[in-house]
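Please read the points alongside the coordinates.

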Amino acid sequence: MGGRTPGEAMKVGVQLPEVERVVRWPEVARMARLVEDSGFDSIWVGDHLLYEEDGVRSGPWEAFTQLAAIAAVTKRVEIGPLVAAQPFHEPTILAKQAATVDEISGGRLTLGLGAGWNRLEFDAFGLPYDKRVSRFAEGFEIIRRLLAGETVTFHGDFYDVDECVLLPPSNRPGGPPLMIGSNSERMLSITLPHVASWNSWFTDFGNDPARLPALVAKIEEACHLAGRDPATLDKTVALLFELPGAGGRRLSRNPIQGDVEAMAEAMRQVAAAGIDGIQLVLDPIDEQSIATMADVLAAFRG
């Protein structure tokens, strides 16, 4: 979907807090409503269990429980995990959770999926870390087929399923759209024939819009190898912005800074690179930052 006028059609969403600080549900709910009321297109939460930095451990709230609650306190915005680590979850149960959240939201869920990366949380929660991509490949097949409405029997190296079906059935034909959060050639080959969208985290391209054309070219080549027209794949990226009071964001590297027009211009550069959607990662992530970025969104779309 490249070739648009910058800002013409690109969707813009916000990632809610993860482990920057402890954020209780009332504040999360206020932020979710503010994102929606400010005209953003989507809300995202991370699917992680535990982090450790400089010997200090912290953890976010569970992703799908949050998404169900966010679905109930919003009406319009799309929602999704950015992205769900499939090996954290039994695939049949993950599909059931996704179908339920999609129902609560009235068909607003995008199910972002990946293979996970942080060994600490796998070990701490007793989850197998080895052969993650192979586990993902089996889990992905089960999830996508269940969400599409199939009755699934599957016997693999990691998962065994007998005549599993998701009931009640989805109101959305084909179920919620899937998104892959990976740049790995193997992960792309597994998923590109089936997903609606692709996502890259800001650290994967140095948070630099100038590096996005090369990354988009790589993804388009992967589409060709998978026998898919690249124009049928929505391409999305997370982008890190630093605002007054910053300091809590993990791995804050090369953040986008400046006044409203400078930040809007960075978003225009992303759109010009052929990107269909941005998830704003804000440091700090609070109601004031969301309000500031609403002004940036207006300048971007103006």
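1. Salt bridges join Glu141, Arg145 and Glu150 into a network. The model is a predicted one, and its salt bridges number 12 in total.

2. One of these bridges pairs the side chains of Glu78 and Lys11, with an N to O distance of 2.8 Å. The pair connects distant parts of the chain, 67 residues apart: Glu78 lies in strand E5 (residues 78-81) and Lys11 in strand E1 (residues 11-15). Glu78 has a relative accessible area of 28% and is therefore partly exposed. Lys11, at 39% relative accessibility, is likewise classed as partly exposed.

3. A salt bridge also forms between the side chains of Glu287 and Arg30, at 3.2 Å from N to O. Here helix H9 (residues 287-301), which holds Glu287, is linked to helix H1 (residues 25-37), which holds Arg30; the two residues are 257 residues apart. Glu287 is partly exposed at 28% relative accessibility, and Arg30 is partly exposed at 40%.

4. Glu52 and Arg57 form a further salt bridge, in which the closest N and O atoms are 2.9 Å apart. The relative accessibility of Glu52 is 40%, so Glu52 counts as partly exposed.

Definitions and conventions. Residues are numbered from 1 along each chain as its sequence is written. This is a predicted model: local features need pLDDT of at least 70, side-chain atom pairs count only at pLDDT 80 or more; totals for chains, interfaces and linings use all residues. Side-chain values use heavy atoms; hydrogens and water are left out. A salt bridge is a side-chain nitrogen of Lys or Arg within 4 Å of a carboxyl oxygen of Asp or Glu. Helices (H or I, at least four residues) and strands (E, at least two) are DSSP runs, numbered from the N terminus. Buried means under 20% relative accessible area, exposed over 50%, partly exposed in between (1.4 Å probe, protein chains only).
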